[in-house]
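Reader: I would like to know where the words used for this model come from. Could you take me through them one at a time?

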Amino acid sequence: MCTVRFVLASASPARLATLRSAGVQPEVIVSGVDEPAATREAEQRYGVLEPAHVALVLARAKCEDVASRDESDDALVLGCDSVLEFEGSAYGKPADAADATARWQRMRGKSGVLHSGHWLIDNRDEGTGATFGVTASTVVHFADIDDEEIEEYVATGEPLWVAGAFTVDGLGGPFVTSIEGDYHNVVGVSLPALRELLHEIGVAWHDLRSGTTQSA
């Protein structure tokens with residue numbers, strides 16, 4: 001039985017599915033954050049950001065945007081954002097199909113690091129009022145796919161919807177040869193990282209569970 005109201009400040013169906021598979025049924029409230037503008041503002045204040053910091057800055061911006069709304073009262077609010085670090089640069093969603101194709105031509109046969117920022121705000125009436133976060137990082141190794149495979153994958157449209165132009169849990173799965181770290185982090189939300197954030201404010205994982213999961 002869920003004892004804590006939990007809000008996910010993300011439109012990502014993969015994040016929602018990951019939480020649901022772990023027995024958590026969050027309410028979804030999508031933020032209205034302009035990601036490029038939020039990144040530029042942070043860089044004006046702090047200087048050039050490392051890719052891991054970009055993910056956390058955007059997760060925080062999304063979380064704060066949703067937490068400021070009346071419908072998020074008396075709840076824990078989680079914001080997430082993912083960024084792929086490849087050859088020293090940060091990559092979010094591709095601008096278009098040509099951008100996605102060019103990225104895959106550079107990434108194939110190589111490795112990158114998928115950073116997912118997690119920001120938690122305790123908006124509960126009797127809560128701590130805490131606002132804090134963490135970035136989880138996972139190394140991703142890409143298959144050395146050929147131009148036809150890239151063309152066919154990009155044509156599905158999936159690479160345009162996700163950070164780094166790939167998924168590990170969808171159509172891009174065959175093109176990821178291995179990972180080093182948390183699988184769920186690559187999907188977009190690290191369950192262990194979230195559990196640790198909750199622990200910091202005295203909330204147990206089972207306080208979020210809303211029921212039992214079923215397996216085939």
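Author: Start with two helices: the axes of α4 (residues 97–107) and α5 (residues 147–155) are 10 Å apart, and the helices pack at an angle of about 145 degrees. The model is predicted, so local features need pLDDT of at least 70 and side-chain atom pairs pLDDT 80 or more, while totals for chains, interfaces and linings use all residues. Residues are numbered from 1 along each chain as its sequence is written, and side-chain values use heavy atoms, without hydrogens and water.

Reader: What makes the angle between α4 and α5 about 145 degrees?

Author: Axes are lines fitted to C-alpha atoms, for helices over the stretch in contact, and angles run from 0 to 180 degrees between N-to-C directions. On that scale α4 and α5 come out at about 145 degrees. Their crossing is right-handed (near helix turned clockwise from the far one by less than a right angle; anticlockwise is left-handed).

Reader: Which residues make the contact between α4 and α5?

Author: A97, A100, T101, W104 and Q105 of α4 meet D147, I150, Y153 and V154 of α5 (contact means heavy atoms within 4.5 Å). By class, this contact has 6 nonpolar, 2 polar and 1 charged residues. Ala, Val, Leu, Ile, Met, Phe, Trp, Tyr, Cys and Pro count as nonpolar, Asp, Glu, Lys and Arg as charged, and the others, Gly among them, as polar.

Reader: How do α2 and α3 cross?

Author: The axes of α2 (residues 35–46) and α3 (residues 51–67) come within 10 Å and cross at roughly 115 degrees, and this crossing is right-handed. E35, A38, T39 and A42 in α2 meet V54, V57, L58, A61 and K62 in α3. The classes here are 6 nonpolar, 1 polar and 2 charged residues.

Reader: How many helices and strands does the protein have?

Author: There are 7 helices and 7 strands (DSSP runs numbered from the N terminus: H or I of at least four residues for helices, E of at least two for strands). Along the sequence they follow the pattern β-α-β-α-α-β-β-α-β-β-α-β-α-α.

Reader: Why is R103 called buried?

Author: Buried means under 20% relative accessible area, exposed over 50%, partly exposed in between, with a 1.4 Å probe and protein chains only. R103 has 6%, so R103 is buried. R103 lies in α4 and touches Y91, G92, K93, P94, G164 and A165, not counting residues up to four places away in sequence.

Reader: Is A165 buried or exposed?

Author: A165 is at 0% relative accessibility, so A165 counts as buried. A165 lies in the loop between α5 and β7 (176–180) and has a positive phi of about 70 degrees although it is not a glycine. Most residues other than glycine have a negative phi.

Reader: What is the phi of E87?

Author: E87, also not a glycine, has a positive phi of about 50 degrees. E87 sits in the loop between β3 (76–86) and β4 (89–91). The relative accessible area of E87 is 58%, so E87 is exposed.

Reader: Why is G129 called exposed?

Author: G129 has a relative accessible area of 51%, so G129 is exposed. G129 is in the loop between β5 (111–122) and β6 (131–142). The C-alpha atoms of G129 and W104 are separated by 42 Å.

Reader: How do you know that the radius of gyration agrees with a compact globule?

Author: The globule rule is 2.2 Å times the number of residues to the power 0.38, and the radius is taken over C-alpha atoms. For 216 residues a compact globule would be near 17 Å, and the protein has 17 Å, so the two agree. Buried residues make up 46% of the 216 residues.
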